[in-house]
Amino acid sequence: MKISNCKVGNRQLAVGSKKRTLRCLLPTAYCLLLLCQSIAFAQTKRVVILKVDGLQPDIVDSFVRERDPQTGMSLLPWIEHVFYERGTRVENFYVRGMSLSAPSWSMLDTGQHLQIKGNVEFDRLTLHAYDYLNFSPFYMRNIAGLSIDMPGTETLDEAGLPLLIDAYAPQERFASFQLYQRGMHWRTFQSAAENRFLKSPRELLDEWTTGFEVRNTLSDQLERDLIERLNNPAYRYLDLYILDFDHAAHHNRDRETHLHVLQALDATVGRVWTAIQKSPLASDTALVIVSDHGFNTDEKVYSQGFNLVKLLGSAEGGGHHVITKRRLMMDYAIKGVNPFVPLITTTTPESYYLKGQSTDYPTALVDFDGNERSSIHLRDSDLNVLHILLQQLQRKDLSVEMRRAMMDAFFKTLDRRRAEWGDKLSQLNEELSALHREIAKEHDALKALEEKKRPKDNSDSIDPNDVKRLVARYNASVDNERKYSEYARSLSNLLALRRDTFDPRRIKIEDVIAKGAMGVRNNIYELQNYVVGLASVGPTLAADGSLDLQRSFQHVDYFSLLHNVAVRNNVQAEVSSHPINFIAVRIPSELIAPLVEKDLRPTSDVVWIYDGQENQALILSREDEAGHLSLRYLPIKNLREDENGSIHFERVGWRALLPLKLFEDPQLNVPEGARISWLDDWHTDLEWLRATHKTEYSNGIIGLNEQLARHHNEAFDTDVPGLSDDERKLRRFHRRRRELVEADMLVVANNHWNFDVRGFNPGGNHGSFLRISTHSTLMFAGGERTGIPRGQVVEEPYDSLSFMPTVLALTGQIKNGQVPVKILWERGFRQFPGPVIKEVLSGGGEKASPVAEGVAIAP
Amino acid sequence: MRSASSFKSARLAALLLTLLLTFSSLPQSVSFAQSCATTAENPSEVTEKTKQLFRLERLNLAGGAELLTIFGTAIPFLYSRVRDKRSAGNDAPPPIMDLAAADREVWNRFLWTGLQYLLLDSYGIPLKASTHTFRQNLSDYRKAHVARALALLSLYESETGTQSVFTPAETAEIQARLLLSDKMFGGIVDDINFQKVYEKQTTAVRDTRGHNWELLRQRAEKESLYFEPLEMPDGSATHALLWVARPDLEKNQGRHFDSRFLNIQNPWTDNRLPDWKGYTITRYFDADNRVVAPDTTGAHAVEMIPLALYGLDFPKIPILLVDFRDQLNPKRREMSHRVLQDVARDLLSLSSFANIPYFFGRVVYDFVTSRRGLDLNQMSRLRTYSQLKLLLGLSASFDPELRDDISRRLERVSLNPLENGMETEAKLAREQYGALVAYARRPDGLPARIERDRREEMVSIKHGSVERPLLRLANVLSFGIYTHREKATPELLSQLDIKRQLDFHAGFLRRVVKSTPQIEVVWNIEDVRRSLRFIAEHGSAADDKIASTSAQVFARTEDEETRKLCLNSLYRINNETAKKELLNIYRDAKLEARWREQSAEYLRLAIKEEQRIAPEDAKVILSLVNENQ
């Protein structure tokens, strides 16, 4: 009984205790519920994203507000109906970094800082071109089984950055054809062709007469595929990439063309929205429209092109043979029909010392995509010096004095770089050894997979795409090993040269100066005193018998050369006669830190902006212990670097015409009367964004830092504990490969200028830091249970880094506003640096419940 | 939305749209983009002047028709002869396009092509060559006027700023019909495509223009020449001039010149230029190389010599129209394509269809010349040449001396003997307009023509789908001498009126249905209801297509009243398709019960009224009626 009583007593005690606990917990829970209601995430089970390349929100907005005189409705009625009336618009959404598709989509699709810095990137040592925009080679490689993902996806995989679609299992997602595409669905082509051509004879005749619209065949089919899949509740992520506006706005500046293409987009919004409403998950589905950049297009102005390739090929530009990944005047070349676009070499007849050697020794790489900017790589100026001296030393007619002086100059130059190049070479060799071992492992892994694929095994467990991915990685590794080894061999030969055994006539130049390699990035001194050839007077001896390096060589200061370019035909009042606005270069923080006061000292990379000798600025950056970025704008002039690597500049006060024109901009949002003091201070990126986003250059200060600074990436971190030696070296190798695509200079065009030389883009362009180009579209709308507020306009500015965490937050896949849930963490997702757009989530609703497969098991 | 009746009158007027190009010498405001005069002008003054360029005249005619004439500086442009005549005569000018019977053009073209190949070509080279050439010239002359009509219609639309007499759909139709006039099957393209054709063409033309503008500017810059866009009154640059600065001749003497795309001789080695006696002009530039007024501080004067004039509307390349140093240069280039074509076809009797080596050779040659943008073997300069005439006609900012010089040189480019000089064209235009107005007012003139056309239109009411093609064949085979017409009775007139209105409403609803998955989001639902009401009221005259369209409207709206009207229309349209659609709605289990019940009710009534129903559908409906009784 006792026991029993005790039991009863215990039970009663327990019940009493539970009741007390409940009494305490209920109010607490109620309070917590009340407290959390405002931050509780609503339940979005499915997300549909319309990724519209280049959709400029101001153009959209003006058409949405304009009424069609025939119907009295908006000119873009569906966008108004869905996003203006039933959704939330982020009115001030910006690209962070350059307003350029490949970098911008990479940030939108990963939510992480930039690793991809251009539509095309060149590896300085191997001339490998990462062409992120060209679909045709990808299709061919895919057919051949050499690639399963687009090049951008492969690069991000190497950088360990998962994409938004990776948050969903393959069977839960439908992704259209896009820059960061995973896998390939060939059936789409077949269905597209069927839908295009299997029509009634009358319709076909009409289409033939009015012209077949082949261009939309694929995109129409992808839209049909997406709509069809909306009926299947298993699909939790669907996207549609739409290029039409970007294409039209590059070509046409006129209102009618923009309207026609936007009305086609509007109709797509209508069809997708209607299909969502009819689908089983209608009330749980969010529809998002997002663009990667804005567009600098003006009905009254033709965008004017300037040919940087020709400038670099000219004598005054250095007589460079220039490599591009876009064929110049493509539409006017027979070879322009080749969709695979190999590296294009533009040979110059004005080369100072490499005439007829353009394919072996190009000395400049130019990426001009996006068109309002261009990235320029120049061959290491000292390699030019060595190359020229070797050529001279192989002559038979040199005087003894001159030969000796040249040989001294050769070894002086080589010895000056020997330690730096030697270090890089030994590191590269270590990495190549590790890579070699990795290749062997990959080979074994592939062999094992092949075994598994044999019929007796259960091959169902192997995703064929994963196998193809491994094959692609293996092939890339083999290719990398070969190409970098070739470069390493040449550099090794060069460094092996010794004065005492040196016989220039027995040396083949290509054995010591690698063909098709730019070498190490030039520093500012080299760019200001770049050696392009022998001076017209020829090699000259100084009084002491040494070679007079200054007088013997032809030098170019690329900053002043580019800045001073002017045109004679200036027929549009709105367009400057100077095509180039400014040039930006990254400077390691350690070079600047000693030159400024303690409170100005940067801890991370500095960006130098050159807008002439008098108008320059440094963008200093530092991160606090939590990794929060702060930036400081320092107005300067006359920056130069001396031969010893020391930087010199003069500080100037705030005034008009400084780069980015912040001081004089009436839209600068800082406390009244405190303009200078505000500008003369450190601010977080968010503070800068709030203050500058409506200025002419908008978030340019943040964008330049994002574009040019190096950002920490866990996949490249060699200090992570537990890594094997090879893993560490491979991480360093991957980091090196990303660093090797960094250009010497970023050249930014003036308003309404562009650098497109593949063809002509008179309609408009993007790529710059001008607000019109960085201002992008982001709008959300959803069913009742998504909690997305209706008719809301978010005025708080946000940038690209906020997109991914916001979408994940909508679907409950993120914790504490920044950290992905466990299952995503395991898939490689990491803390997001950008804030969630909380206004989109403010609609209340149910508690977060992650929707991706497997998320439910995460704690 | 315009009412059906006003559309009818506009359409009647459009029946006879032909064109007359104005080559007025009256002052106008088309400007040089660089000219000082333009930059100094007040924008509002420019707009006012531009408005004065165009005037619309409406002339009410007997029989309810209306003649709309758009005048450029008090001269009508929409009418013109398409034959070579020094005097316009008293007859009305023949239409270049009959919008009400565009399909007739297709059959005529077929007939003439057949006649040419089967009959005329077999009578030896002289007849073969001359007939081919005559037809080509006639076609080119017509195309030239179509091009001018298109340009002027666009200018009128954009520049008058007044409410257009045409709805956007009508504008699109006129423009699209004109654009498709040179396509083999252009006359029978479904109306639903007009908007798309118009949009596509507008985009393509502006793309080409911008592209060529930029190509020419860059080439001029590269060769140290001066580029000057020439603009129409709406600000669109359709042509451009290249100049060389006299001081540069000495500075750049002997310099290499890349003539690609420019297609003119090297000015730096041309001994004629230093002693140039032709037209020159002195321009003033500021430090930023902008053209400024002579009294601007810091402005420096530069004497300029014109080198060439280019058309920017030509596909892919700016096309040379005037070479100020070599008058025959553009003509030779223009002839290259024609000569190749004529020699191969008429002399060598080579055909791409019959001779495979010739076919491949031609494909490769055309590909290379087109791809490289060579100004050889390109399509004709007709369109851009025609527009330049318009530009010269509308421009006041041209220095008269330069204008006359260009006009004179331009005449030499034309290969077409049917083409008249600018002054002659203007004179003909005036005469033709007078003749047209007289014709329109004469009882046996335009009113009688309209009457005949109406009677011809009535054929579709009186005759079925088997008879109509036979009557058309008879018309074609008799070269239009025989045309079947009905006797106009008040009943037929009334039926014709209803038919036209039904066509209008059906066309409108087809556009509505095609445009959106949910109608009320995009369209004013009252307009849709009005069309459905009309269809319901005149259901007996509606056809299968209208029935299908009404059913599609039902599927694409959630508006109560519109849905009711759709069902009502389907009930009142007495044909098998309408009842099938009603039956489909009844069978759709996803629909709310009330819509299905309403459909069932209408089907019961249809059975009772013995409407036309397909036998298999009738069985289903009868079982349905029996079930519910």
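This is a predicted model: local features need pLDDT of at least 70, side-chain atom pairs count only at pLDDT 80 or more; totals for chains, interfaces and linings use all residues.

In which hand, left or right, does H19(B) pass H21(B) in their crossing?

Mentor: The crossing of H19(B) over H21(B) is left-handed.

Start with the geometry of the pair. Two packed helices are described by the angle between their axes and the distance between the axes. Helix H19 of chain B covers residues 525-537 and helix H21 of chain B covers residues 560-572; their axes come within 8 Å and cross at roughly 20°. Angles under 35 degrees count as roughly parallel, and H19(B) and H21(B) are therefore roughly parallel to each other.

Next, the residues that make the contact. From H19(B) come Ile525(B), Val528(B), Arg529(B), Leu532(B), Arg533(B), Ile535(B) and Ala536(B). On the side of H21(B), they meet Glu561(B), Thr562(B), Leu565(B), Cys566(B), Asn568(B), Ser569(B) and Arg572(B). Sorted by class, the contact of H19(B) with H21(B) holds 7 nonpolar, 3 polar and 4 charged residues.

Another helix pair in chain B can be set beside this one. Helix H22 (residues 576-587) and helix H23 (residues 593-608) of chain B pack with their axes 8 Å apart, at an angle of about 145°. H22(B) also passes H23(B) in a left-handed crossing. H22(B) brings Lys579(B), Leu582(B), Leu583(B), Ile585(B) and Tyr586(B) to the contact. H23(B) brings Trp595(B), Arg596(B), Ser599(B), Ala600(B), Tyr602(B), Leu603(B) and Ala606(B). By class, the contact of H22(B) with H23(B) has 9 nonpolar, 1 polar and 2 charged residues.

Chain B has 629 residues, of which 38% count as buried. Taking the contacts in chain B between residues at least 6 apart in sequence, 69% join residues at least 24 apart.

One loop residue of chain B can be noted here. Ser349(B) lies in the loop between helix H9 (329-347) and H10 of chain B. Its phi is near 55°, a positive value in a residue other than glycine. Ser349(B) has 12 other C-beta atoms within 10 Å and is therefore exposed, the cut-off for that being 12 or fewer.

Now the partner chain. In chain B, 48 residues are in contact with 37 residues of chain A. On the side of chain B that touches chain A, at least two residues each are supplied by helix H7 (194-222), strand E4 (226-231), helix H10 (356-372) and helix H18 (519-522). H7(B) gives the largest share, 17 residues. By class, this side of chain B has 18 nonpolar, 15 polar and 15 charged residues.

Ile647(A) sits in strand E21 (residues 647-651) of chain A. With 20 other C-beta atoms within 10 Å, Ile647(A) is buried. Leaving aside residues up to four places away in sequence, Ile647(A) touches Ile587(A), Leu591(A), Ile592(A), Leu595(A), Leu639(A) and Glu641(A). Tyr525(A) is 122 residues from Ile647(A) along the chain, yet their C-alpha atoms are separated by 8.7 Å. The other residue, Leu660(A), is found in the loop between E21 and helix H21 (675-679) of chain A. Phi of Leu660(A) is near 75°, again a positive value in a residue other than glycine. Leu660(A) counts as buried, with 23 C-beta neighbours inside 10 Å.

Finally, confidence. Chain B has a mean pLDDT of 81, and 84% of its residues reach 70 or more. Within chain B, confidence is lowest in helix H2 (residues 36-40), at a mean of 34, and highest in H18(B), at 97. The pLDDT stays under 50 over residues 1-47 of chain B, a stretch with 125 contacts beyond four places in sequence in the model. The pLDDT also stays under 50 over residues 73-84 of chain B, where the model has 57 such contacts. Chain A averages a pLDDT of 91, and 92% of the residues score at least 70. In chain A, the pLDDT is below 50 over residues 24-41, which have 9 contacts in the model beyond near neighbours in sequence. For the complex, the predictor gives an ipTM of 0.90 and a pTM of 0.89.

Key: Residues are numbered from 1 along each chain as its sequence is written. Chains are lettered from A and ligands numbered from 1 in the order in which they are written. Two residues are in contact if their C-beta atoms, placed from the backbone, lie within 7 Å. Axes are lines fitted to C-alpha atoms, for helices over the stretch in contact, and angles run from 0 to 180 degrees between N-to-C directions. Helices (H or I, at least four residues) and strands (E, at least two) are DSSP runs, numbered from the N terminus. Angles under 35 degrees count as roughly parallel, over 145 as roughly antiparallel, 65 to 115 as roughly perpendicular and the rest as oblique. A crossing is left-handed if the near helix is turned anticlockwise from the far one by less than a right angle, and right-handed if clockwise. Ala, Val, Leu, Ile, Met, Phe, Trp, Tyr, Cys and Pro count as nonpolar, Asp, Glu, Lys and Arg as charged, and the others, Gly among them, as polar. pLDDT is the predictor's confidence in each residue, from 0 to 100.
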